[in-house]
Amino acid sequence: MAKSIHEKWKDPKPPATAGQLEKKLAPLGAEDAAEARRRLNAVTKDAALTERLLPFVGILRDDLRGLPTVIPNGALYVTESSLRKNTGTHYTPRFLAEEVVLHALEPLVYEPGPLQTADTREWRLKSPRQILDLKVADIAMGSAAFLVAACRYLADRLIEAKENKGDLDAMAYRAGRAVDAVTAADAEQDPVVVEARRQIIEHCLYGVDINPMAVEMAKLSLWLVSMDPERPFTFLDDRLVCGDSLLGVHSMEQLQSVHMKPQGQTDVLAEQARELVDQLTRERLAITAIKGVDLPALQKKRERLEEVNRHSRRLRLVGDLIAGAALATCASGRVPWYEEDSGARVKDFFPRAGWIVRQIVEDGVEEDSVVVREARATAEEWLRAELPEGALERRPVHWPLVFPEVFSRKSGFDALIGNPPFLGGLKLKTAFGEAYRDHLVNGVGNGVKGVRGTADLAAYFVLRLNSLLNERGQLGIVATNTLAQGDSREVALSPLVAAGNVIRRAVKSAPWPSKSAVLEYCAVWVSRASVSLEVPAVLSGLNVRRITSSLNSASRVESWGERLFSNREMAFQGMLVLGMGFTMPPQAAVDLIEQDEKNSHILFPYLNGEDLNSRPDGSASRWVINFHDWPLEKAKLYGPCFEQVEKLVRPEREKNKMASRREKWWQYAGRAPVMAKACEGLSEVIALTLVSKVVMPLIVPAEQVLSHKLCVFASDDRAMLSLLSSAVHYWWAIDNSSTMKADLNYAPSAVFDTLFRPAFTKRMRDAGILLDNFRRDLMISRNMGLTATYNLVHDPSCQDKEIVELRRIHEEIDKAVVEAYGWQDLLDESGKTSPADSIHETFPLDHGFHETDQGTRYTLGLLARTEIIDRLRQLNHQAYADEVHLGLHKGMTEKKAREKHLDLPPPSPEAVRKRQEQLAARGGSDFGEGAEGALF
């Protein structure tokens, strides 16, 4: 029985193992059975049912009373639904909804306002009529937290606008009240507030949700915020609707061409659709125009809405056929659909949809005719394409038909707000079906997949939101912070910004402020209307020049960076051993060397990234056999070591696809000979773990095998240690590297090779010596590795004097490096020192604890970091231009370099002078512009 129960209920998560169930189902003794009967009888009140349940009592959970949970057949009970999880829904706290609404709607109620000036004293509130003409929606409204916040905000502004117009009721209400106090608890039921909120709801607010229960909850939320004990609830049936916001037509062009992507197809409906939508608009506006707040008026509105729905039924069927054709086309490679006449496999369903539409819109075709019924059945079949079991029925929202007054009169919403569902891209197929996911990528996302095709569901909502805004529309949303990262950014925010939309405000990353989800969120406010150049963008509370699609402060310098000749053969990825059979414990290596001293030629400590970051002295925890580039015969001379490698490495290597690795199985897969040559004569080198959150280098002995998980710098100069330990280097690495989970994935070619290095100074060298000595003693005395040590450095609660001193040393390193670059203005806290370059901007370094994408860090402030990255890019561009001018980059002429980078600066006077001198030394001959090797 235990095995059967486990098999039956193992998905999605088994209640227990089969063995555990077997123990819980073991027969009870007499006393235990009597007690179990007593407890079961207390809840069943049925002796026969108690006896039936007795064998299972061991696996019945207790209720809050401590009695077995028993739910009689047919009884009502409440349980957690998987719907919220499967659709990516999370509830939004009130304060966060109100913040999103505030910044999204301010530009719509003030002119001049936040789009024209940052000085709030110059803002001017619009008229009551203009405010009531606004159209605001949440297309994944849930229980309407954002619509309620919008209702409160707009109603307050409406009262204020009426006061400005001399409305006596508004003036009496506002007398003595501060602007931001109008929705205090004592004002909630004031007739002026209630009436203003009802007007806002009836004229301005719209909402959609895929879940029918959510729609009813949203109605309740808006009823409660506008409730008058003496009047019936506000009529909301024409404003809040149930449906899938991502699955339906959103433009008249789609309806007219009967295609999800109108691209010059013949209009099937031509002006017929537009005339019908204009009629629907007039009929819906008549609903709002019905006077009265009593039950008869409510009934009139309900009857008018039924009439609108009846008149739009045929066009909604057209929309269903278009949406269904999109899904069926996406599924056509997997679902076998065939032409009735020819039997050919159908791949594109839009021509079929167009043919059906022509039949159902002919004059005289009744709603209950065979052709209409068949069309509806076809649409429903297509809409069900690859619908997962248990998923909600697909109910498309056809925006020009559902809210025709918004699209025929205003060409879209004035503002869209909300918390779009966030569901990882890899989960979309399971939750919604493969055809639906393909529709999101190809239909909503215009075929943009990003690098891995794993864009979050929220990314597609952002695209749909943008398509529903009018030309001056405002967007305000919260979403998981991955919206600004990776594929989600490439799919959503990058195209928005590229199309000319302005991200005018953002919160890059913050913890979700409730226990409903453990994640980091971002908030984004986008304007389709132009924003004055005098108005700064606001990023996580700081004024910045503008905000990029990755929700970073925008640079004034283009983000490209080229590898510099001056950095060649200095930073390397370590050796790729490829075979754990090469390794052994340290004592085993010592024993082998004691047995035969010649084994010291092939046995070395083996330092990897984990050891470097976790061991207090940064030493290797294992040793390794290294036969260098020796032939097999020479390796065989080292008997015990060779036998180990032959036994443990050779079998695995012989399966390798690369011939060199199979044939030379006793050698490392990557011996890094260039690195070895660069490190010759050095007793110490600098090493940094490639994949790490700490990104901090250490001085280590050179005479060991340094793993491919390390970046090795061929230098023992403590000034170099200072540069690599500085915040300047860290943020350059962040800007030029990818991430792996929460760790930075350091790429030497992208980070160090592109970093313009300053001339090393005594101050840098002294700071590097101090860091190396102090930190080494600290880690050894506390038995902590780099990661543990820097976890304390970045922990604001840690004020241990040695950690505080380590922070001070890093401040000194940062200042020494900044000074070496010649950026004296960044060091002058008074702000009186002018920058060396007129395009530079001066900000204080602002050392302290700062919230970053990498968590809380003791580092430079955001504005200083952004400026330093700009300056480093500028230096890279100039150095690259000089090196190309001097012919140092093989295959690259100045002409090619300028074609690749239109903003490449001209060579510096120093580079021009140097080239002229070298040409003169060659007798004036020139082998062509940028001819490699001509000068060197």
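1. Basis of the note. The model is predicted: local features need pLDDT of at least 70, side-chain atom pairs count only at pLDDT 80 or more, and totals for chains, interfaces and linings use all residues. Residue numbers start from 1 along each chain as its sequence is written, and side-chain values use heavy atoms, with hydrogens and water left out.

2. Overall composition. The protein chain comes to 38 helices and 22 strands, where helices (H or I, at least four residues) and strands (E, at least two) are DSSP runs numbered from the N terminus. Along the principal axes, its C-alpha atoms fill a box of roughly 100 × 85 × 70 Å. Of the 936 residues, 50% are buried (under 20% relative accessible area, with exposed over 50% and partly exposed in between, for a 1.4 Å probe and protein chains only). Among contacts (heavy atoms within 4.5 Å) with a separation of 6 or more, 69% join residues 24 or more positions apart.

3. The sheet. An open sheet is formed by 4 strands in the order S10-S18-S14-S16, with antiparallel pairing; two strands pair if DSSP finds at least two bridges between them. Its edge strands, S10 and S16 (698-701), each pair on one side only. On average, neighbouring strands are turned by 40° against each other, direction ignored.

4. Strand S18. S18 (residues 710-713) pairs in the antiparallel sense with S10 (residues 571-573) over 3 bridges, and with S14 (residues 684-689) over 4 bridges. Val712 of S18 stands opposite Phe572 and is also the bridge partner of Ala687. Both faces of S18 are covered: Leu710 and Val712 are buried on one side, Cys711 and Phe713 on the other.

5. Nonpolar cores. A nonpolar core is a set of buried Ala, Val, Leu, Ile, Met, Phe, Trp, Tyr and Cys residues joined through side-chain atoms within 4.5 Å. The largest one has 98 residues, and Phe413, Tyr460 and Leu483 have the most contacts inside it. Helix H14 (residues 295-331) gives the most to this core, with 15 residues. Beyond four places in sequence, Tyr460 touches Leu246, Leu428, Leu440, Val441, Val444, Gly445, Ala455 and Val491. A second, separate core of 95 residues includes Trp666, Leu706, Leu710 and Ala714.

6. Helices H31 and H36. The axes of H31 (residues 727-735) and H36 (residues 862-885) come within 10 Å and cross at roughly 75°; axes are lines fitted to C-alpha atoms, for helices over the stretch in contact, and angles run from 0 to 180 degrees between N-to-C directions. H31 is therefore roughly perpendicular to H36 (65 to 115 degrees; under 35 is roughly parallel, over 145 roughly antiparallel and the rest oblique). Val728, Trp731, Trp732 and Asp735 of H31 meet Arg865, Ile868, Ile869, Leu872 and Arg873 of H36. By class, this contact has 6 nonpolar, no polar and 3 charged residues (Ala, Val, Leu, Ile, Met, Phe, Trp, Tyr, Cys and Pro count as nonpolar, Asp, Glu, Lys and Arg as charged, the others, Gly among them, as polar).

7. Tyr821. This residue lies in the loop between H34 (801-820) and H35 (824-827). Tyr821 counts as buried because its relative accessibility is 12%. Beyond four places in sequence, Tyr821 is in contact with Leu723, Val728, Leu755, Phe756, Arg757, Pro758, Leu872 and Leu875. Tyr821 and Arg871, 50 residues apart in sequence, are 9.6 Å apart from C-alpha to C-alpha.
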